[in-house]
Amino acid sequence: MLMEIRDLYKIYHEGMESEVRALDGVDLTIDRGEFVAIIGASGSGKSTLMNIMGCLDVPTYGEYILDGTSVTGLSDRKLAHIRNKEIGFIFQGYNLIPALNAYENVELPLIYQGVGMGQRQQRVMEALERVGMADRRRHRPSEMSGGQQQRVAIARAIATHPPIIMADEPTGALDSKTGRHVLEILHGLNQEGSTIILITHDNTIASTARRIVRISDGRITADGSREEVGL
Amino acid sequence: MNITQAVKMAAKSIAANKGRSALTMLGIIIGLAAVIILVSYAQGQNLAMERYYESIGTNKINIYASTWQGGVDVSRSLYDYCLTLDDLVMGVTPNSQVSAYPQPAVKYGAKALIGDSYETYPTIYMGSDQFGLCNNYTIAKGRDITHLEVDKGIQVCVLGAGTAEALFNQVDPVGKTITIGQYPFLVVGVYERKGSPVTDETDYTQISLNYMDRMILVPSSMNRIFNQNRAPDQFVVKAKDSKSTTEAITRITGFLKGIISSNYGSFSVTTDNTWQEQDNKANELQQRFLGGIAAISLLVGGIGIMNIMLVTVTERTREIGIRKAIGAERRSIIIQFLIEAAMICGIGGIFGIAAGYVGTLIVGKMSFDTILIPSPEITAGAFAISVALGIIFGLYPAAKASRLQPVEALRAE
């Protein structure tokens, strides 16, 4: 078992009138090598769930065990290491650093990991070639289209060879053709052994996943194959 | 992440945000340059004052002493008495001026300086061989008058630089004979110039220094032909240092009291040092005032830096969120931003110091006609303060944002 989530809550403004239960008692386990799509309407809590699974946020209550280690209560430093080595993120808004070019953006997680210069260059180029962006490595995000930016963001996510890749609406801002291309890359990575967690509200995209988790009002309402979930 | 990486990252960030970096640097440059120039200005003023007092002679005791006709010869008594004070006193000279009316014309060949030509007419002093020493005149050409010439009443003279120029222009005056009234005087020497060309009509220090250059010294024994043979009643005693000045005043006052009271007359003993002390006090006040203005400029510069840093805080918060999401430790982020702020402030500081030095040189040339160099202590202090300000304000948003959960930092719009 790669990830195990037990009775997880994320509550904003707890105890106040404006209390919001973004996650309201979630249990979920994900195995190594799975391709899981988490679907739900906007505001259903799917992004919150991914943020907690990706150690970008902390739960209010509950336990999260990642690769045998309980993540809840880890130090800021340990969490940074997990984000760096275990997880690659792909965001809807790409989240590239505007001041850096494609190469430098992809290089960043390797720098934080302390990879030496020679190996770093090799891995950056490898990742950029993988997404077909090697020839644009000197371009800044502002000089690239959305699809190109997202491919650079994928390169950044895979440059460290993380076992888990989390993608939050990775195709949300892209046209369908570019979106399909991004999806192909993710499936390719999955075939090579990466665990993929994909968040989307697009059923067509979700239906390409082997396992689909439907979330609604902070609770998991369905979990299974495409047929089982009813897509 | 090691330091080399952090430095590279900071440099990249500065280069990528040229506008922001330049504005931040500008704050530091202005603050630093203002501090350096203003403080240097105050110091320049002090320096000018010091130079002025140096040229009129420091530790000078001015004595006025006269007795009724036929009384004791104050000149000789004072000279003899000062010889006994040789541990306090460096020299003594009569210091009276030719006070005839109309004033005798000073002529060389066809060139004449007459009493009503205000611009050039010299003050004619009657003094001893120690006149130059006591009044801080030094010989530029030829020689000073000698004790023997004073004693024997030889008609020789030494010219101030201003008078030499007015009478002789480019010709060497030494060895030529001028006439004062109808009496011929052999020029034996010329004094060094004290002033410099007046460029500013309100620069009273320069004007009075130039005035001092318009003089002629003749032996004090010339009172036999000028001032109706009246004995000199003005004297200058030059004390060794400011401590000796006080002591010498006490002694001389006591001595004069003794001889004047038995001879019917009056006297006074004063020193310029009191004026100098008062001027110093006024200067110190001004220095504090300028220092205050300088501190305010530094503060304004600092607030400018703070503003820029806070304005970009959202942009930076998002960047910090991204960096955290891909695995940056809090420490790495702080180090990067620290180095970035230090580099911006350091570069800005160097430009600020350069601007301050250039400004100081210009101010020095324009206001004091000298090469003014800012003091290293002030420069270092102002640099340290502005860099500290920049780092504090540059680091503050980073430190705050790095404490957020990555998702919160990423949410910043």
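Guide: Two strands are said to pair if DSSP finds at least two bridges between them, and the strands themselves are DSSP runs of E with at least two residues, while helices are runs of H or I with at least four, both numbered from the N terminus. What you see is a predicted model, in which local features need pLDDT of at least 70 and side-chain atom pairs count only at pLDDT 80 or more, whereas totals for chains, interfaces and linings use all residues. Residues are numbered from 1 along each chain as its sequence is written, and chains are lettered from A and ligands numbered from 1 in the order in which they are written.

In chain A, strand β3 (residues 35–39) runs parallel to strand β9 (residues 211–216), the two being joined by four bridges, and within that pair A:Ile38 faces A:Val213 of β9(A). Strand β9(A) also pairs with strand β10 (residues 219–224) of chain A, here in the antiparallel sense and over five bridges, with A:Ile212 opposite A:Gly224 of β10(A). Together β9(A) and β10(A) make a hairpin that has two residues between the strands, and A:Asp217 in the turn has a positive phi of about 50 degrees.

Turning to chain B, an open sheet is formed there by four strands in the order β2-β12-β1-β13, with antiparallel pairing. Strands β2 (89–94) and β13 (265–271) of chain B stand at its edges with a single partner strand each, so one side of each is left without a neighbour in the sheet. From one strand to the next the twist averages 15 degrees, an angle taken, like those below, between N-to-C directions on a scale from 0 to 180 degrees, with axes fitted as lines to C-alpha atoms and, for helices, over the stretch in contact. Strand β1 (residues 60–67) of chain B is held to β13(B) by seven bridges in the antiparallel sense, and B:Asn62 stands opposite B:Thr270 of β13(B).

Two helices of chain B lie across strands of this sheet, contact between residues meaning that their C-beta atoms, placed from the backbone, lie within 7 Å. Helix α3 (residues 74–84) of chain B lies across β1, β2 and β12 (234–239) of that chain and runs at about 175 degrees to β2(B). Helix α8 (residues 242–261) of chain B lies across β1, β2, β12 and β13 of chain B, its direction being at about 180 degrees to β13(B).
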